[in-house]
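Please look through the notes below with the model open beside you, and take the points in order.

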Amino acid sequence: MDILIRKATTTDLDLVTHIEATCFPPAEAAPREAFKERLDHYAGQFLIAFDGDIPIGFLMIGFDVNSDDEGAPKIAKGNYNIWRFMIDKKFQGKGFGKKAMDLALEFVNTFPCGTAKYCWLSYESDNDVARQF
């Protein structure tokens, strides 16, 4: 296992859309256009995980809160969060996600958007694997 993460680019849109589709039913998966908007807005915080040259997942990193974060938890203010942490179904349950998360936290600890005390993970309440991170 040779996991690395790098910043996503617009050339990665089809890849990210495919990974999203392996993680959600079609009605719930975000479309390519949504990822284009996210990549435009969060360019430096949208990361793709690879095992060697094989793409295995992606994640987005947020910082602080903004006007469209109504209902954000209190911990969000002045801190980082990891959201849209997706590992392709083919690679789930094999340790790839843990290693990608470790690398994501290393990236966050460089404080790319400013200093913070915490980094929190956004996940669905029924996602027991994410809760264990």
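1. Lys-36 is partly exposed at 33% relative accessibility, where partly exposed describes the range between buried, under 20% relative accessible area, and exposed, over 50%, taken with a 1.4 Å probe and protein chains only. The side chain of Lys-36 meets that of Asp-40 in a salt bridge with an N to O distance of 2.9 Å, a salt bridge being a side-chain nitrogen of Lys or Arg within 4 Å of a carboxyl oxygen of Asp or Glu. Both residues belong to helix H2, where they lie four residues apart, about one turn of the helix, and Asp-40 is likewise partly exposed, with a relative accessible area of 48%.

2. This is a predicted model, in which local features need pLDDT of at least 70 and side-chain atom pairs count only at pLDDT 80 or more, whereas totals for chains, interfaces and linings use all residues. Residues are numbered from 1 along each chain as its sequence is written, and side-chain values use heavy atoms, with hydrogens and water left out.

3. By the rule given above, the count comes to five salt bridges. One of them joins the side chains of Asp-102 and Lys-98 at 3.4 Å, N to O, and these two residues are separated by about one helical turn because they are four residues apart in helix H3. Another links Asp-12 with Arg-6 at 2.9 Å, N to O; here Asp-12 counts as buried at 6% relative accessibility, while Arg-6 is partly exposed at 31%.

4. Which residues of helix H1 (residues 13-23) are buried? They are Leu-13, Val-16, Thr-17, Ile-19, Glu-20 and Cys-23, helices here being DSSP runs of H or I with at least four residues, and strands being runs of E with at least two, numbered from the N terminus. Seen down the axis of H1, these buried residues fall within an arc of 160°, so they line one face of the helix, the arc being that of the directions from the helix axis to the C-beta atoms.

5. Strand S4 is mostly covered, since seven of its eight residues are buried. S3 and S4 run antiparallel and are joined by six bridges, and Phe-58 stands opposite Met-86 in S4. S4 also pairs with strand S5 (residues 119-121) in the parallel sense over three bridges, where pairing requires that DSSP finds at least two bridges between the strands.

6. Asp-64, in the loop between S3 and S4, has a positive phi of about 65° although it is not a glycine.
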